[in-house]
Amino acid sequence: MGDTLEFNEIYQEVKGCWNDGRLRFSRQSVVYKSSKTGKVDSISAPELSLAQWRRVCFGHGIKLATSSGHVYKYDGFKDSDFEKISAFFKANYKVELTEKDMCVKGWNWGTAKFSGPLLSFDINDSPAFEIPLANVSQCTTGKNEVTVEFHQNDDAEVSLMEMRFYVPPTTGDDGTDPVEVFSQNVLSRADVIQATGDAVCIFKELQCLTPRGRYDIRIYPTFLHLHGKTFDYKIPYTTVLRLFLLPHKDQRQMFFVISLDPPIKQGQTRYHFLILLFSKDEDVSLTLNMSEEEVERRFDGKLNKNMSGSLYEMVSRVMKALVNRKITVPGNFQGHSGAQCITCSYKASSGLLYPLERGFIYVHKPPVHLRFEEISCVNFARGTTTTRSFDFEIETKQGNQYTFSSIEREEYGKLFDFVNAKKLSIKNRGLKEEIKAKDGYSDSDEDEHDAYLERMKEEGKIREEGDSEGDSGEYDSNASESDSEAEDGESEDEGKKKKVEKKPKKAVKEKKERKPRKEKKAKDAGAPKRPMSAYMLWLNSSRERIKAENPGISVTEISKKAGEMWKQLDRGRREEWEKKAEEAKRQYDKAVKEYKESGRGAAASAGKEKKKKGGKAEEKRKSAAEKEREKGGNESFKSKEFISSEESSSESEHGKGKKRKAHENDDDDDEEIASTPPSSEEESGSD
């Protein structure tokens with residue numbers, strides 16, 4: 001048999017909710033760690049006094065009792081685990097694991113037994129159910145009735161809030177009322193605090209963010225008392241899970257956060273966190289209401305009778321000594337501005353997100369604490385309102401999702417590196433991730449290396465060298481048309497004039513902005529491809545290696561990483577790739593020369609030249625037609641319907657050509673027909 005026994009998915013009942021965790025039996029102790037809260041229960045082997053094996057709802061369970069009166073119950077074992085656990089207990093703990101049957105008859109009449117922190121309801125010496133008295137928040141009495149109220153668990157779907165016991169009247173004995181005896185037994189072990197005795201120390205008028213207000217904090221040996229103008233809260237130290245001391249982003253204030261389970265409540269509102277805000281400049285002198293010997297004996301040097309210093313240091317020091325828990329502070333994380341937190345928004349309020357060594361905490365409204373152990377994955381999403389910010393999403397193993405929005409883009413690199421270093425799973429959300437990759441979040445826009453931009457610049461330089469000649473005739477306008485045109489076509493021509501006047505501006509704009517694109521489309525597809533630069537050659541050979549070294553890296557991050565690696569490349573390696581680029585350039589020049597000599601390049605340029613000449617010839621024809629229109633004047637104009645078939649057949653070949661052109665361009669039909677010289681018969685007809 002080994003030195004330890006470990007069991008996963010072992011459950012512990014907490015106020016009506018089952019929390020899973022990990023249980024380990026070792027020779028020295030029994031240790032249980034909750035997966036939900038991270039709280040660790042440790043029972044030393046000499047303290048164990050009772051161990052029972054019972055049949056429960058999750059299969060089988062173990063009930064452990066200590067000599068100091070504490071009871072621990074763990075469920076979720078298999079039937080086959082009994083033998084090895086029993087043998088381990090006998091060998092290491094000197095305690096026998098006994099089997100105990102639960103009563104399942106369903107009776108509601110039995111005997112109430114108070115044993116340590118439990119109220120056991122027994123039927124014929126077999127327990128039907130047990131109530132942990134620490135879960136009791138209040139106990140009230142009636143004539144023959146006792147009402148027990150319980151703390152509510154916000155994580156439980158259904159919470160048991162109240163239970164009533166009927167106590168029959170009895171006579172004789174010592175004359176005590178059995179209802180009062182029952183109530184006193186419950187209250188003596190319940191989580192009901194009564195302020196008795198003197199406070200160890202008092203802090204006056206502390207600013208509290210949650211619950212909001214100014215409170216006097218009285219520190220008692222077993223609980224904390226918040227006294228405000230409207231409400232009072234009594235917080236037992238046993239309900240304190242964690243303590244946090246967090247610096248504000250302005251470096252002038254400090255947050256002191258106390259995590260509570262169960263939470264304090266006021267009406268229907270529950271406060272899982274107590275958040276105090278201090279100024280760093282505020283100092284205080286503190287004297288404990290105890291003798292020096294008692295302080296030394298009780299706190300073992302952690303506190304002194306007389307202390308002085310910053311107010312937040314005094315409060316945190318006293319709380320640490322009384323609660324006996326460590327104070328969590330931010331680790332090595334530093335944001336873009338040098339602060340240990342990130343400004344963001346959660347739900348409707350703005351606050352601060354602190355990346356800690358073992359989790360995240362957000363303050364202050366509402367406060368959220370998430371441990372790395374309960375995080376399933378995180379996601380960086382593009383901001384919904386602006387591209388200057390992004391959202392940080394956290395999904396827990398229980399299926400809950402927390403979205404911290406409006407984080408500045410400059411914080412992306414620091415937060416991504418932190419999450420990557422903590423080995424948290426980063427979720428890829430398909431299209432949203434692609435949008436983020438295109439946007440390219442980075443620490444600095446100036447330092448970011450853009451490989452695509454460099455490549456486009458190089459192609460632009462080569463294009464400028466090859467495209468030195470311009471086409472001025474292409475943008476010649478017809479704005480100088482004569483104003484002496486026919487009155488019938490006046491409105492039509494005015495519309496044309498307006499369009500023509502705007503056309504040169506548009507054409508010039510296209511010449512400046514879109515000419516490279518047009519030239520690019522007109523390139524010969526069979527021409528040799530331009531060579532790549534030294535950087536692009538190196539990137540193509542190193543891309544797969546970068547992906548392998550950084551699994552899950554995005555397209556933008558590959559480009560950024562490659563740029564950094566290229567800058568750090570030594571001169572020898574860089575010269576090697578530059579030589580390859582030069583060789584590729586020589587090969588390209590050689591291929592271009594051969595391509596032109598073969599005649600294919602010349603044919604392409606001849607086609608271009610032909611196209612240009614054709615365009616100029618057409619412009620000349622247009623100007624000739626305009627001159628003819630000017631000579632003909634208004635008298636020579638005639639519409640289609642006044643031209644007979646005989647006249648059409650007697651037209652010259654030149655006139656036929658003009659008609660064919662008129663059919664090709666419907667907008668200028670009247671103008672082209674008018675340009676044909678009329679016959680003598682047409683003139684007599686018009687007279």
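**Strands, helices and confidence**

Val56 stands opposite Gly59 in β6.

Strand β5, residues 48-56, is joined to β6 by eight bridges, and the two strands run antiparallel. Between β5 and β6 there are two residues, and together the strands form a hairpin. On to the next partner: β6 is also joined to strand β7, residues 71-77, by six bridges, again in an antiparallel arrangement. Here Ala65 has Val71 of β7 as its bridge partner. β6 and β7 likewise form a hairpin, with four residues between them, and Gly69 in that turn has a positive phi of about 100 degrees.

How many of the eight residues of strand β6 are buried? Seven of them are, so β6, which spans residues 59-66, is largely enclosed by the rest of the structure.

I turn next to an open sheet. Its three strands have the order β12-β13-β14, with antiparallel pairing. The edge strands, each pairing on one side only, are β12 (136-141) and β14 (162-166). On average, and ignoring direction, neighbouring strands of this sheet are turned by 20 degrees against each other. Helix α2, residues 178-189, packs on the sheet and touches β12, β13 and β14; the direction of α2 makes about 165 degrees with that of β12. Within the sheet, five bridges join β12 to strand β13, residues 145-150, and Thr141 stands opposite Val146 in β13.

The next topic is a pair of helices. Helix α10 (residues 534-549) and helix α12 (residues 571-597) pack at an angle of about 105 degrees, and their axes are 8 Å apart. The two helices are therefore roughly perpendicular to each other. On the α10 side, the contact is made by Ala534, Leu537, Trp538 and Ser541, and on the α12 side by Arg573, Trp577, Glu578, Lys580 and Ala581. Of these contact residues, five are nonpolar, one is polar and three are charged.

Finally, a word on confidence. The mean pLDDT of the protein chain is 76, with 71% of its residues reaching 70 or more. Where pLDDT is low, the predicted coordinates should not be read in detail.

Methods. Residues are numbered from 1 along each chain as its sequence is written. This is a predicted model: local features need pLDDT of at least 70, side-chain atom pairs count only at pLDDT 80 or more; totals for chains, interfaces and linings use all residues. Side-chain values use heavy atoms; hydrogens and water are left out. Axes are lines fitted to C-alpha atoms, for helices over the stretch in contact, and angles run from 0 to 180 degrees between N-to-C directions. Angles under 35 degrees count as roughly parallel, over 145 as roughly antiparallel, 65 to 115 as roughly perpendicular and the rest as oblique. Contact means heavy atoms within 4.5 Å. Ala, Val, Leu, Ile, Met, Phe, Trp, Tyr, Cys and Pro count as nonpolar, Asp, Glu, Lys and Arg as charged, and the others, Gly among them, as polar. pLDDT is the predictor's confidence in each residue, from 0 to 100. Two strands pair if DSSP finds at least two bridges between them. Buried means under 20% relative accessible area, exposed over 50%, partly exposed in between (1.4 Å probe, protein chains only).
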